[in-house]
Amino acid sequence: MKIKIAIIGSGPSAFYTAQYLLKEEGKYEIDIIEKLFSPFGLVRYGVSPDHQNTKNVIRVFNRTLNNENVEFFGDVEVNNSPSIDDLVNLYDATVVTTGMAIDRPININGTDKIGFYGATEFVNWYNGHPEYENLNPDLNTDTAIIIGNGNVAIDCARLLVRTKKEMENSDITQYASKALFNSPIKKVYIIGRRGPLDSKFTTVEIREMGELLDCDSILSKGTLKTIDSNLLNEELPKQYKILTNFPEKKHKDSKKVKTVEFLFYSSPIELLGDDKLKSVKFRNNLSEDNKIFTIKSGLIITAIGYLGDKIKGIKTDKSGMIIHNNNKIKDRLFTAGWVARGPSGVIGTNKHDGANVAKQIFNSIKSKNSPGRVGLKNLLNNINKRYISKEDWMLINEEEINRGKGTLPRIKFTSHYEVYKFIDNHK
Ligand code: NAP
């Protein structure tokens, strides 16, 4: 009798958990339950469309998905029906890998203005997340501001200044690419509340900012003076070396039209304008008198971290992280990934979580003759809930790739309506 496992969520930690369980050949039957119609979570909707190499990890995840002991239940949200309790009753073990997908709020006045967006909204919009396809961010401004000094801030800035040529092998949605290329944005500020050596950018991402086709990256005037010159002369970690080597102004011969300026020690304190954002008031955190200054801009994106969503029946802390002990929530209920660990690390960081959960399941979970997949299908049938099966997803995936016509990696479906219509026409 196979041991029945439910995994909620289908991002990297879900797939790494399943991958480790499948090392015990034929022992587990695994159902991956996902609220969206498509698998792969952050890899599909978070990883930047111009970073196709990073998205290649989907090939590895596909090997797991294609395993005969794995099924996919897309468009099934676990909250009320099925609830966590339903799954705990139906399966021998359940693993929660729902990630963190809510923008950490910035507590300042004016965030209701048109032109203010969280990075989750903006990134999900250009990546075709069905809940954000209608975001239509207002990009009609010459200056954009990104708050935060992590890789998500860099992703947002880079997408605002990329050329058509740089995006030609990406899977950015057509509507986002049209809006971005029609936007008059020429200047983007990436603004950190602390200094350059406190930033969280990684080497590859910061290096890319120095290699853009039509954009120069510069440091705000006076930045280098804020760093102890001994430190600058020392063997700085590579990302800081690249960052501090950006010039403080554009080279006089530069023909590049766009500029990204890295500005430090500054915190937004108010968004100004009427309905629409017109400028942002900042405080300089370095000056003794907390000098106030404003930047004219019609677009501000905060990339300052994430919170987890509530799941009924599971205790979380105030940032939405699940309370657990070494990835175990309670008997037969486990968790892995960002929702267990917080929003940090690269895709591969989730391997450790997946291995840890799989090991605990291996050591402590025996088959209880649970209904598993059959029970879930009955439950969904009883409430007339349609779902996207693995077979449906394979059709969708093939169609997305076909729509790319060999020149784009894929053209994504971006709405549930469109997906079900397509499935109905192909069955
Ligand atoms: P992150 O690396 O933790 O950066 C968050 C940034 O937000 C920090 O600079 C932080 O500053 C700042 N911040 C937080 N609260 C703030 C506030 N109230 N006001 C102003 N600034 C504030 O997070 P992330 O950029 O969201 O990335 C999440 C994870 O995904 C990271 O591990 C990242 O490397 C990874 N990621 C990787 C890639 C890639 O590999 N290409 C792409 C995207 C994301 P303080 O340091 O002062 O708190």
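**Notes on a predicted model: a helix pair, a sheet and a loop residue**

1. Start with two helices. Helix 1 (residues 12-21) and helix 4 (residues 57-65) have axes that come within 10 Å and cross at roughly 50°.

2. Which residues make the contact between them? Helix 1 brings Pro12, Phe15, Tyr16, Ala18 and Gln19. Helix 4 brings Val57, Val60, Phe61, Thr64 and Leu65. By class, the contact has eight nonpolar residues, two polar ones and no charged ones.

3. Eight of its 10 residues are buried, so helix 1 is largely enclosed by the rest of the structure. The cut-off for buried is under 20% relative accessible area. The buried residues are Pro12, Ser13, Ala14, Phe15, Tyr16, Thr17, Ala18 and Leu21.

4. What do these buried residues pack against? Helix 4 is one of the partners. Two further helices take part: helix 2 (41-45) and helix 13 (350-364). The strands that take part are strand 1 (3-8), strand 2 (28-33) and strand 4 (93-96).

5. Three strands form an open sheet in the order 11-12-13, and their pairing is antiparallel. Strand 11 (266-273) and strand 13 (292-296) are the edge strands, each pairing on one side only. From one strand to the next, the twist averages 30°.

6. Strand 12 (residues 277-284) pairs with strand 13 in the antiparallel sense, over five bridges. To find a place to look, take Lys281: its bridge partner in strand 13 is Thr294.

7. Last, a loop residue. Where is Arg194? It lies in the loop between strand 8 (187-191) and helix 9 (203-209). Arg194 has a relative accessible area of 45% and is therefore partly exposed; that class lies between the cut-offs of 20% and 50%.

8. Which residues does Arg194 touch? Leaving out residues up to four places away in sequence, Arg194 touches Phe264 and Tyr265. Lys255 is 61 residues from Arg194 along the chain, and 31 Å separates the C-alpha atoms of these two residues.

Terms used
Residues numbered from 1 in each chain as written. Predicted model: local features only at pLDDT ≥ 70, side-chain atom pairs only at ≥ 80, totals over all residues. Heavy atoms only, no water. Pairing = 2+ DSSP bridges. Helix = DSSP H or I, 4+ residues; strand = E, 2+ residues; numbered from the N terminus. Axes fitted to C-alpha atoms, helices over the stretch in contact; angles between N-to-C directions. Contact = heavy atoms within 4.5 Å. Nonpolar A, V, L, I, M, F, W, Y, C, P; charged D, E, K, R; others polar. Buried < 20%, exposed > 50% of the residue type's maximum accessible area, 1.4 Å probe, protein only.
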